[in-house]
Amino acid sequence: KFLVDVFPFHNKRWHLTAGFYWGPSKIGEAVNTTEDMPSLVAVGIYNTLYDKVCAKYENDEPLFTTGQMAIYVTDDQYESLQKYGRMGINLGKYEDGSSYRMIPDENSMVNAQMKVNSFRPYLGFGYGSSMMNTDSKYTISFDCGLLFWGGTPDVITHDGTNLAKDLKRVYGKVGDYVDIVKRFKVYPVIELRVARRIF
């Protein structure tokens, strides 16, 4: 961070602070719980089977062979799979009204990362004074201000969908969390500083 304090008053106790913070864009992450793993693994098994069966049908290859007999996917079986599609978690709706289904990754996991701009301006004010009347080397100050994200934070899932910007609506508790995140276009900062002047 690079912050500059400006003391506009004669007593040098009140100050204004301006500057910026620079750091990683990822400021938070959410990962599925262990209780969700059995369901996610089952979804992953089905999707693996779905991909395999569809690939065998589309390439006119046998699903498996036993001795001299080859078993192929029938037209009815393929059409049934196409009708149902890959399995996923119905998490919300896009602007056009179509559904967004989150599909677990290759490790049967789902996650989302909260990201903001790496460069984050800061503006605040504070009050400080000496801790002891007999020694002015030690000071204590109280600061409060706002850290500007640069707009609405992104909440990006492992499949690249931005829950905060790509979807019109997000269901359940996930939707509640996303709604909270979307409200924080700035981040309030409160800081208590104790300092010693070394020269």
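**View 1. β10 contributes four residues to the lining of the second largest pocket, the most of any element.** The model is predicted: local features need pLDDT of at least 70, side-chain atom pairs need 80 or more, and totals for chains, interfaces and linings use all residues. Numbering starts from 1 along each chain as its sequence is written, and side-chain values use heavy atoms, without hydrogens or water. The pocket (an open set of points on a 1 Å grid over the protein atoms alone, where a 1.4 Å probe fits, with protein on both sides within 12 Å along at least five of seven lines) has a volume of about 340 Å³. Volume is the space filled by probe spheres set on the points, which are joined across faces, edges and corners. Sixteen residues form the lining (an atom within 4 Å of a point). Phe7, Gly128, Thr139, Ser141 and Ala195 lie nearest the centre of this pocket. β9, β10 (135-148) and β13 each give two or more residues to its lining. Strands here are DSSP E runs of at least two residues, helices are H or I runs of at least four, and both are numbered from the N terminus. By class, four lining residues are nonpolar, eight polar and four charged. Asp, Glu, Lys and Arg count as charged; Ala, Val, Leu, Ile, Met, Phe, Trp, Tyr, Cys and Pro as nonpolar; the others, Gly among them, as polar.

**View 2. The largest pocket holds about 710 Å³ of space.** Its lining has 29 residues. Ala30, Val31, Ala112, Val174 and Tyr177 are the closest to the centre of this pocket. Helix α3 gives the most, with seven residues. The lining comprises 18 nonpolar, eight polar and three charged residues.

**View 3. An open sheet of five strands runs β1-β2-β9-β10-β13.** The pairing is antiparallel. Two strands pair if DSSP finds at least two bridges between them. From one strand to the next, the twist averages 20 degrees. Axes are lines fitted to C-alpha atoms, and angles run from 0 to 180 degrees between N-to-C directions.

**View 4. β2 bridges both β1 and β9.** Towards β1, five bridges form an antiparallel pairing. Here Leu3 has Gly19 of β2 as its bridge partner. Nine antiparallel bridges join β2 (residues 14-22) to β9 (residues 119-132). Ala18 stands opposite Leu123 of β9. Phe20 has Pro121 of β9 as its bridge partner. Phe20 also belongs to an aromatic cluster, in which ring pairs link it with Phe2, Trp22 and Phe119. The structure holds nine aromatic pairs. Rings of Phe, Tyr and Trp (its six-membered ring) pair if their centres lie within 6.5 Å.

**View 5. β6 bridges β7 and β12.** Four antiparallel bridges join β6 to β7. Asn90 stands opposite Arg101 of β7. The two strands form a hairpin with four residues between them. Gly97, in the turn, has a positive phi of about 95 degrees. Towards β12, three bridges form, again with antiparallel strands. Gly92 has Val170 of β12 as its bridge partner.

**View 6. Asp166 sits in the loop between β11 (154-157) and β12 (167-170).** Asp166 is partly exposed, at 35% relative accessibility. Partly exposed lies between buried (under 20% relative accessible area) and exposed (over 50%), with a 1.4 Å probe and protein chains only. Asp166 and Lys93 are 73 residues apart in sequence. Their C-alpha atoms are 8.9 Å apart in space.

**View 7. Lys12 and Ser108 have a positive phi.** Most residues other than glycine have a negative phi. Lys12 has a phi near 60 degrees and lies in the loop between β1 and β2. Lys12 is exposed, with a relative accessible area of 52%. Phi of Ser108 is also near 60 degrees. Ser108 lies in the loop between β7 (99-102) and β8. At 12% relative accessibility, Ser108 is buried.

How values were computed: Rings of Phe, Tyr and Trp (its six-membered ring) pair if their centres lie within 6.5 Å; planes under 30 degrees apart count as stacked, over 60 as edge-to-face and the rest as tilted.
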